[in-house]
Amino acid sequence: MDPLTLLTAIIFLPAAGALALVAFDRKAEETMRYFALAITAATFMLTLFLWREFDSAKSEMQLVVNLPWIRQWNVNYYLGVDGISMPLILLTSLICLLSMMASWSIKKQVQGYLMLFLILETGILGVFLSLDFFLFYVFWEVMLLPMYFLIGIWGGPRKEYAAIKFFLYTLAGGVLMLIALLMFYFNSGRSFDLLHLAAIGQGKVEGFAFNPTVQIIAFILLFIGFAIKLPAFPVHTWLPDAHVEAPTPISMILAGILLKLGGYGIIRIAFPLCPFGAQYAAYALVLIGAVSIIYGAFAAMAQTDFKRLVAYSSVSHMGYVLLGMAVWKINEANGAAVGRDYWLMGMNGAMFQMLAHGISSAGMFFMVGVIYDRVHHRDLNKFGGLMQLMPDYSGLAVGIFFAGLGLPGLCGFIGEIFVVLSTWNYSKTLAIVAASGVILTAGYILWTIQRVYLGPEYKGPHAEDITPMNGREKAIAWTLLIFAIVLGVYPEMMFKVMRSSMDALIVSLDAGYQAVSAAVETAQK
Amino acid sequence: MAGVDLTAYLLVGAVLFVCGIVCMATKRNGIGVLMGVELVLNGANVNFVAFSRYTSLGLDGQMMSLFVIVLAAAEAAIALAIALNFYNNHQTIDVDRGSELQG
Amino acid sequence: MFSPTAIPKFLAVAWLLPLLGFAVEIFAGRWQRDRKDRTAAGLAVACIATGFVCSALALFTWGIHTGWAALAPSAHGEGHHGESHSAAHDAGHDEHAKADDHGHDAEHAKAESNDEAHADHAITGPLTGTFYTLARFGSLQLSIDFYIDSLTLVMFTMVTFIATCIHLFATGYMSEELTDDYVDHQVHTRNGGHFHRPGRFYRFFAFLSLFCFSMLGLVIAGNIFMVFVFWELVGVCSYFLIGFYVERKSASTAANKAFIMNRVGDFGFLIGLMVLWTYFGTFSFGAYNPEATGYGIASGLKVEAPHEGEEAAPTVATGLFGMARGSDGQLRIDQDVDGVATVVMTQADDTDLLDAEGNHRMIPYVLLTIAGLGIFAGCIGKSAQFPLQTWLPDAMEGPTPVSALVHSATMVAAGVYLAARFYPMFTHEVLLTIAYIGCITAFVAATIAIVATDIKKVLAYSTISQLGYMMLGIGVGGWGAGLFHLITHAFFKSLMFLASGSVIYGCHHEQEMPKMGGLWRKMPITAFTMLAGVIAIAGLAIPGTPIAFSGFHSKDAIVANALAFTYANPSHFLLFVVPLVTAGITAFYMFRLWFYTFAGKPRDHHVYDHCHESPRVMTTPLIVLAVLAAGCAIGGEEGPLYKLITFSQPAGVDAMDPPPAVAQTTLPGHEAVHAVHSQAGMYALIAAFLGTGIAWLVYGKGVLDPADVKRQLSSLHTFLSEKWQFDTLYDVMFVRPVHVVSSWCTAFDRVVIDGFLHFLSRLTIKVAHVDRRFDEGVVDGFVNLMADSTYSVGRSFRVLQTGKLRQYVMFIAVSVVFLFVLVFAFFPRGSSTSAPEADVKVSSRVVPRPEVNRD
C-alpha cells in the first residue's frame with residue numbers, strides 16, 4: 001500500500017465511518033455500535049500495518065505524503081511518520097478501540113455520540129500525522145468541537161460548565177499557537193512545512209533565520225498552548241472538571257490521548273522550531289514540571305471524588321513528561337549540551353511516560369467508570385469492600401492503579417524513573433522535588449485503594465446493583481493491564497521505535513542551539 | 001398685423017395661463033378645474049406658437065403646441081373618466097370632497 | 001561437573017520459578033475445583049524447594065570452581081590476610097588471590113594467568129553479567145544484571161531454605177482458609193455479625209511466591225537500579241501480605257503504612273541513584289559489558305589470553321565499585337580546581353578514569369556521601385531502622401508466616417544486605433551514620449520490646465533491634481560480622497516467629513501473652529524449639545567451651561568490632577556501650593517472652609484448655625530451623641559460614657585508612673578486632689547472662705511482681721508502650737501537614753486558579769454588558785436617530801399633503817412665482833445662466849433684455 005493511501009486511510013477511515021453512520025436507522029443502536037467498533041478496530045489494524053511498514057532504524061520522516069492543498073498560501077497535505085509519532089499513533093488507535101468498547105455504557109443519542117467519537121479520532125490521528133503546520137492546526141481544532149459536544153451532551157450534572165471550560169482553555173491555547181504559526185509563516189518566506197521550519201529554527205537554512213527574540217516569543221506562545229493541553233500547573237484546572245463530567249469512554253480518550261497531544265506538540269513543534277527559545281525557557285519548564293508533579297499529587301490526596309482524584313493524578317504524571325523533555329543542560333561557554341545522554345534519557349523517559357500514562361490513566365478512568373455504572377456515585381468515602389463483591393474487578397483495578405503508582409514491572413515505573421534519574425544532571429533541587437513525588441503518589445493511590453477496594457463491606461448506595469464485571473469490561477481491563485505489564489517489562493518495544501528519531505532530534509537540537517547562539521554572538525561583535 | 005409683436009402674444013398667453021390657474025384654484029367643480037387646465041395648456045400653446053413665429057425656434061414650437069393639444073385631448077379623456085368615477089364614488093364632482101390623498 | 005557459566009543459570013531458575021508459581025497460583029481461584037484445594041500451596045512449595053535445590057547446586061558448583069578456597073584451612077589465616085589484606089598490601093602483584101576484589105575484573109580479561117595456585121580454578125572474582133537490557137541511551141545502559149559472589153550464594157541458599165520451611169509451615173497454618181465460608185472474628189459487620197468470606201488459601205501462596213521472586217531478584221541484582229526495582233517489588237509484596245486480611249481496617253492501614261514508610265526511604269534511595277547515575281554513568285556493581293543485549297557473563301571467569309584467530313574477550317567496563325575505589329580498596333581523594341574534596345574515579349587497572357575530553361572523572365566527596373546516605377535511607381526504610389521503624393510492628397497484622405518470612409528473615413534483611421553490598425561506595429561519614437542509626441535502633445526497639453505484651457510485637461521489636469545490631473556491625477567496619485548476624489538471625493528469628501505462629505494457631509488466634517502461661521505442657525515441641533531460638537538470640541554460651549548457639553557467635557563478632565572501633569575512636573564510645581546494654585535487654589525480654597508464654601501457671605484457663613500442639617507439617621519446619629538456629633554458626637569465625645561470607649569481603653574493609661582530607665574516624669583492622677575479641681565476648685556474655693538472670697528472677701521465679709514495677713514506673717511504661725510516641729509524632733509532623741497541604745492545593749485550585757478564571761469570565765460578561773450598552777446606546781442610537789429624524793421630517797411634511805386639489809394648485813402657482821422671484825432676484829446674471837441663453841438665438845428686437853444686459 002502506498003503511503004498516500006495508507007496514511008489517508010488511517011486518518012479518514014473514522015470520519016468516513018462517521019458519515020456512513022448517517023445511513024443507519026436511529027433505532028438500530030446495537031448495529032451502529034458494532035459498526036463503529038469495527039471502524040475503530042480497522043483503524044487499529046491499519047496502524048499496526050503502518051508499524052510493520054515503519055522502519056525504526058531510520059531517523060527521518062517515513063512514508064511521506066506531500067500534495068498541494070491550498071496553493072496560494074503554500075499549504076500542503078503533508079503527512080509522515082517518525083519514531084516520535086509512531087508510538088503515539090499506536091496508542092491512539094488502541095485507546096480509541098478500547099474506549100469504543102467501553103462506550104456500551106452510553107445510552108443516549110447513540111448515533112450522534114458514535115459520529116462525534118469517530119470524528120474525534122480522525123482529528124487526533126490527523127494531528128499526529130501532519131507535517132504541515134497549517135494542517136496540524138486544522139486537525140487540532142477539528143478535535144476540539146467533537147470533544148466539546150461529547151462532554152457537553154453526554155456528560156454529568158455540570159456538563160455545560162465543564163465543556164465550556166474545556167473549550168475555552170483549549171481554544172485559548174489554539175489561538176496562541178495560531179499566532180506562533182503566523183510568526184513562523186511570515187519569517188520563513190511563507191512556509192508551513194514543519195521540517196523546513198525546524199531546519200530554519202536550527203539555523204540550517206541559508207537566508208532565513210528565526211532570531212532569538214522570535215524564537216523566545218514563539219516558544220512561549222507554543223508552550224502555553226501545549227501546556228494547557230498537557231496540562232501543566234497552573235493551567236490544569238480544566239482537566240478535573242472535564243474528567244469528572246465526561247462519560248467514561250471520553251475520559252479514557254481525554255486522559256489517554258488528548259493530554260499526549262500537548263507533549264507531542266512540544267516535542268514535535270516547540271522544541272525543533274525554536275531550540276533557542278526552548279533552551280532559554282528550559283529551567284522554567286523543568287520547574288513547572290516538578291511543581292505539577294508535587295502539586296497534582298497533593299491535590300489528588302485531598303479529593304473525595306474518585307474521578308477527580310484520577311484526574312489530578314494525571315496532572316502529576318504529566319509533570320514528568322515536561323520535566324523529562326526539558327532537562328537540557330548546556331555549557332554556558334559554548335552552548336553545547338552537558339551530559340547529552342542524560343537529556344536523551346529524559347526525553348525518552350518523557351515519551352515513554354506519555355505512553356505509560358496513556359495506558360494507566362485510561363485504565364484508571366475505565367475502572368472508575370465500571371463502578372460508577374453500577375452504583376452511580378463516585379464518593380470515595382462511600383465505597384469499600386469491593387474486593388469481596390467484585391474480586392476480578394478489584395484485582396485488575398489494583399494492578400492498574402499500581403501501574404499508575406509507578407511500581408517496577410509495570411509501565412508507569414519506567415517513564416518516571418528514567419525522567420527522575422536524568423534530572424539530577426540538570427538541577428539538583430528540582431530533582432529532589434520531583435523524586436519526592438514517589439512518596440505522595442504512593443500515599444494517595446494506596447489510600448484510594450484502601451477506601452474503595454479494601455474493608456469489610458460496601459458503604460454507599462445501590463449496593464444491590466453491584467454485579468461482577470461482564471466479559472466486555474474484562475476484555476478492556478485485561479488488555480490495559482497486559483499492556484501495562486508488557487511495557488513495564490519490555491520497554492524496549494517502544495524505545496526501539498523511538499530510538500533513532502530521538503537521537504537525531506537531540507543531536508539536531510543541540511546543534512541548532514549552538515548555531516543560533518553562535519550567530520547571535522557574531523552579530524554582537 | 002404690423003403692430004402686433006411678441007409681447008402681445010405673450011401677454012395673451014400669460015393672461016390665459018393666469019386665468020387657468022385661478023380657475024383651477026377656485027373652482028370646486030371638477031369640470032371647472034378641468035377647464036382651468038385647458039386654459040393653462042392653451043396659454044402655453046399660445047406662447048409656443050408665438051416663440052415659433054418670432055424667434056429662431058422654427059417649427060419646433062408649433063410641433064410642441066400640437067403635442068400639447070394631443071396631450072390635452074388625452075388628458076381630458078382621462079380626466080373626464082376620473083370625474084365620472086369620482087362622481088360614482090362620491091355622488092358629486094366637488095373636488096374638495098375628495099381628500100383621500102391627505103397625508 | 002557443571003561449568004561456572006551454569007551458576008547464573010541455576011540462580012536464575014531459582015529466582016524465576018516463584019514468579020512462574022505466582023502467575024499460576026494467582027488464578028488458582030479459577031482452575032481449582034473448590035476453595036478446599038491445596039494444589040496452589042503444593043505448587044508454591046515445589047517452586048521454592050526447587051529454588052533451594054538450584055541455589056544449593058549453584059553454591060556447590062561455585063565451591064568446586066573456586067576449589068573451596070573460602071573454606072580452606074588457610075583461608076582464615078591467609079584468606080583473610082591474603083585475600084583482603086594482601087590486596088591492600090601488594091596490589092597488582094597477586095592478581096587472582098584477591099578474589100573478593102571488585103576493581104580488577106577487567107584486568108582478568110587481559111591478564112595472563114600468573115598464579116599457579118589458582119590456575120585450575122575457573123572463577124576468579126564475582127561473576128557479573130547481564131541477563132537482559134532494559135534500555136540504552138547513548139553510553140547509558142539500564143539492565144537486569146547479576147553479581148554473584150559467595151555472599152549472593154549464601155543469601156540465595158538461606159532465603160530459599162527458610163522460605164521453603166515457612167511455605168511448609170504455612171500450608172498448616174493457613175489451612176483455616178481452606179473453606180468456602182471463612183468467618184473473621186475480628187471484623188464486625190453493620191448488622192452485628194461477623195464477617196464471612198470465601199477462604200483465600202491460594203492467594204496467600206501466590207503472594208508468598210511473588211515475594212520470594214522479588215527477594216531473590218534483589219539478592220542476585222548486579223546493579224543498584226535492579227536492586228531498586230526489586231526493592232519496590234518486595235515492598236509491594238509486603239503490602240499485599242500485610243494487608244492479606246483486606247477486610248480488617250487495621251491490616252490495610254498497616255499495609256499502607258509499611259509501603260509508604262518504605263517509599264520515604266526509597267525517596268532517599270532515589271536521590272542516591274540520581275547522584276550515582278549522574279556522576280558515574282552506570283549502576284553496575286562490578287564490571288559489565290556495555291554492549292550486552294542478552295544473557296552474557298562479563299567477568300569473574302578466568303579468561304585465557306585469546307589465541308590467534310579467536311575472538312577477543314568482550315569489552316568490559318568498570319563498575320561502580322571499581323570506579324570509586326582502587327584495587328587497594330581506598331578512595332582516591334583529591335582536590336578539584338576549587339579546592340573541594342573530590343573522589344577521583346579509577347579504572348580496572350588502577351589508572352584514573354578519563355572522560356571524552358580527557359579530563360579526570362571525579363565526584364565531589366560530599367555528593368558521594370550524599371549518595372551513600374541516600375542509598376542508606378532506602379535501607380533504613382526497608383530494614384525498619386530509626387527513624388522509619390514504626391511500620392514493622394504494625395506489619396504484624398499479616399498472617400504469622402508472613403511475619404516470619406517477610407518481616408524477620410528476608411525483606412527487612414534486604415536493607416542490611418544492601419548496606420553490605422554497597423559498602424565500597426560508602427564514605428566514612430556514611431559508615432558512622434550507619435553505625436549510629438543501628439545503635440539507636442537497637443536500643444529503642446529493645447526498650448519497647450520489654451513492655452510489649454503481644455507475642456508477635458515482642459518479636460517484631462526484637463527484629464528491629466537485631467537489625468540495628470547488624471547495621472551497627474557494618475557501620476563500625478564489621479562487614480562480615482553484620483552479615484554473619486544477618487544469616488544467623490534469619491534462622492533463629494524465622495524459627496521464633498514460626499513458633500509464635502504455632503502458639504497462636506494452637507491458642508486459636510490469641511496473641512496476648514498475659515493470657516498464656518504454662519503452655520509447654522500442651523505444646524512441648526513448640527516450646528523447646530522456641531527456647532532454642534531464645535537462647536540463640538540472647539547470645540548465650542557456656543564460657544570456656546566452644547559450645548554456643550549461633551547468636552552468640554554473630555553478636556560476639558559485632559560487639560568485638562564495636563569495641564575495637566571504640567578503641568580506635570574513643571569519642572564514639574557509645575557505639576560499644578549501647579549495644580552491650582542492649583544485649584542484656586535482649587536477653588531479658590526474650591526470656592520474658594518465653595517464661596511468660598510457656599512457663600509458670602496458666603493464666604487464662606479458657607485459652608489453656610483449648611490450646612493444642614500444632615500438626616506435624618508445622619512442627620517439622622520448627623525442628624529443622626531449631627537445629628540450624630543452634631548450629632548454623634558452628635565454629636564461629638573459624639566456621640564455614642563466616643568464612644564463606646567474608647570470602648566476598650570488599651578489599652580494604654578491615655583497615656580503611658581515613659581519607660586525608662576528611663578524616664574523622666578510623667576503622668579497626670582485623671588484627672585490632674581479633675585482639676579484643678575474647679574481651680568483647682566476655683562482656684557480651686556477662687550482659688546476656690545478666691539479662692537472662694533478671695528475666696528468670698522476675699518471670700520464672702517470680703521474686704518481683706512485674707505489675708508492681710509497672711506501677712512504680714508508670715510514666716516510663718506508658719512512654720515505652722506508646723513506642724516512644726513515634727506514631728503520634730509522625731502523625732503530627734507529617735501525616736497531618738500533608739493532608740493540610742493537600743487541602744490547600746485543592747483550595748488553591750478552586751479559589752485562586754478557578755477563582756481567577758471565574759473572575760475573568762465574569763469580567764468578560766461585564767465587558768460584554770458594557771459593550772452591549774454601547775452598541776445599543778451609541779451605535780444603534782445614532783442610526784435610530786437618523787431614522788427618527790428622517791421620519792419626523794417626513795411627518796412634518798404630511799401637513800402639506802391636505803388632499804385638497806385646489807390647495808395643490810395654489811401651491812404650484814405660488815411655488816412657480818416663488819421660483820421666478822428666486823431665479824430672477826438672486827441669480828439674475830451669471831456665466832452659467834448666460835451660456836445656455838447664448839444658444840438661443842434671440843433676435844434683438846424681440847428680446848431686448850439681453851441687449852440691456854450686454855450694455
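Student: Is Ala14(B) buried or exposed, or partly exposed, given the other C-beta atoms within 10 Å?

Tutor: This is a predicted model, in which local features need pLDDT of at least 70, side-chain atom pairs count only at pLDDT 80 or more, and totals for chains, interfaces and linings use all residues. Residues are numbered from 1 along each chain as its sequence is written, and chains are lettered from A and ligands numbered from 1 in the order in which they are written. A residue is buried if 20 or more other C-beta atoms, placed from the backbone, lie within 10 Å of its own, exposed if 12 or fewer, and partly exposed in between. Because 13 other C-beta atoms lie within 10 Å of Ala14(B), the class is partly exposed.

Student: Which helix of chain C gives the largest share of the side that touches chain B?

Tutor: Contact (C-beta atoms, placed from the backbone, within 7 Å) links 14 residues of chain C with 16 residues of chain B. Helices here are DSSP runs of H or I with at least four residues, numbered from the N terminus. Five residues on that side of chain C come from the largest contributor, helix H28 (residues 805-826).

Student: What is the phi of Gln109(A)?

Tutor: Gln109(A) lies in the loop between helix H3 (85-102) and helix H4 (110-129) of chain A. Most residues other than glycine have a negative phi. Gln109(A) is not a glycine, yet its phi is positive, at about 45°.

Student: Which residue does a cis peptide bond join to Phe233(A)?

Tutor: The residue is found in the loop between helix H8 (212-229) and helix H9 (238-245) of chain A. The bond has an omega of about 0°, and the partner of Phe233(A) is Pro234(A).

Note on methods. Two residues are in contact if their C-beta atoms, placed from the backbone, lie within 7 Å. Helices (H or I, at least four residues) and strands (E, at least two) are DSSP runs, numbered from the N terminus.
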